[in-house]
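Dear colleague,

Please find below the structure that I promised to hand over to you. My notes on what was found in it come after it.

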Amino acid sequence: MSAATQSIDADRHTGPTDHAAIRAMRVDLAAAYRLIHRLGLDDSIYTHISARLPGGGHRFLINPYGMRFEEVTPENLVTVDIDGKVLEDPMRLGINPAGFTIHSAIHAARHDAICVLHTHTVAGVAVSCQEEGLLPLNQWSMQFTGRVAYHAYEGIALDLDERERLVADLGDKPVMVLRNHGLLTCGRTVGEAFRLMHNMERSCRAQLAIQAAGAPVIRPSSAIATKTAGQYAAGYDRVVVQGAPDNEWAAFKRMLARTDPDFAQG
C-alpha cells in the first residue's frame, strides 16, 4: 500500500458517512488549489489554503511544502493538527511553518472558519500597501463593506506570539487585508473561501485600474455600499446556512473537470 493510500485510509476510522465528507473536503480543497493557480493567484510554492477535516478533532489539510498549486490532488494533501504537527504526509515534504502560523491561529479561534485561504497577488499586495486599504468603489468591492479586517505587517509569520494579535484584528470578519503582505479569506466552506478571494482579487484589480486611469471617480454612498454588502452576505448565507446549491462553485469545478481532469483523482 502506498503512503498516499495509507493517508486517505487513515481517515476511514470515522465511518462511511464521515469518510464521504472527508473525501468531498479533499476534492474541494484540491479544486481550490487548482483554481487559484489557473486564475494566476498563486505565488510559486508559497501561500496556502487550509481546511478543517470533518468528523471531530482538530485535524486540517494543507498543501505539501514544495509542490506548486497545480500539482495538488486530494491524495497528496498533508494532514496536520492545530499546532502544525504533521500527522499524515504522503509526499514526505512537510509543510511551511510560516504558512501554518497564520492558518492555525484562525482555525483555533474561529470554528466557523472551515477553510482559510491566503494569497500574495500583485493587486492584493498593492492594495494592502495603501493607507485606505480596499475602497467601496464598485459592486465587487462594496460587498466587503464592514466585512474587512486589517493586520499590520510584523515580518514573515514565524513568531507564534503574532497569532494572538492577528486573531484579535480579524475578529468575526470573513476577510482580512494583511498590510504590506496580501489577502486572506475565511470560509464556512471551501467554496465560500474561494468565492470571497475571487471577488477580493477582482476588487483590488479594479481599484488599481480606477486609480491608474486618473479620471474623476463616482463614489457610491455609504448607505448603498452597506446595502450591497448585505445583499451579497444573504447570497452566501443561502448557500452555507440554508443549503441552497452553490452553483458558482459547481461551475468552477466543471471547468476544472475540463482543464485539469486529474484534480479529483486519488
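A residue is called buried when its relative accessible area is under 20%, exposed when it is over 50%, and partly exposed in between, with a 1.4 Å probe and protein chains only. The model is a predicted one, in which local features need pLDDT of at least 70 and side-chain atom pairs count only at pLDDT 80 or more, while totals for chains, interfaces and linings use all residues. Residues are numbered from 1 along each chain as its sequence is written, and side-chain values use heavy atoms, with hydrogens and water left out.

Of the 266 residues, 49% count as buried.

Histidine 48, in the loop between helix H2 (16–38) and strand E1 (49–52), is buried, with a relative accessible area of 3%. Its side chain makes a polar contact with the side chain of asparagine 63 at 2.9 Å, a polar contact being a pair of N or O atoms within 3.5 Å, of which, within protein, one must be able to donate a hydrogen and the other to accept it, and residues adjacent in sequence count only if both atoms are side-chain atoms. Leaving aside neighbours within four places in sequence, histidine 48 is in contact (heavy atoms within 4.5 Å) with residues including Tyr33, Phe69, His103 and His118.

The loop between H2 and E1 also holds threonine 47 and serine 44. Most residues other than glycine have a negative phi. Threonine 47, however, has a positive phi near 70°, and serine 44 has a positive phi of about 55°. Threonine 47 counts as buried at 3% relative accessibility, whereas serine 44 is partly exposed at 34%.

Finally, proline 136 is placed in the loop between helix H4 (122–128) and helix H5 (139–142), and is partly exposed, with a relative accessible area of 33%. Its C-alpha atom is separated by 9.9 Å from that of alanine 229, although the two residues are 93 apart along the chain.

Note on methods
Helix = DSSP H or I, 4+ residues; strand = E, 2+ residues; numbered from the N terminus.
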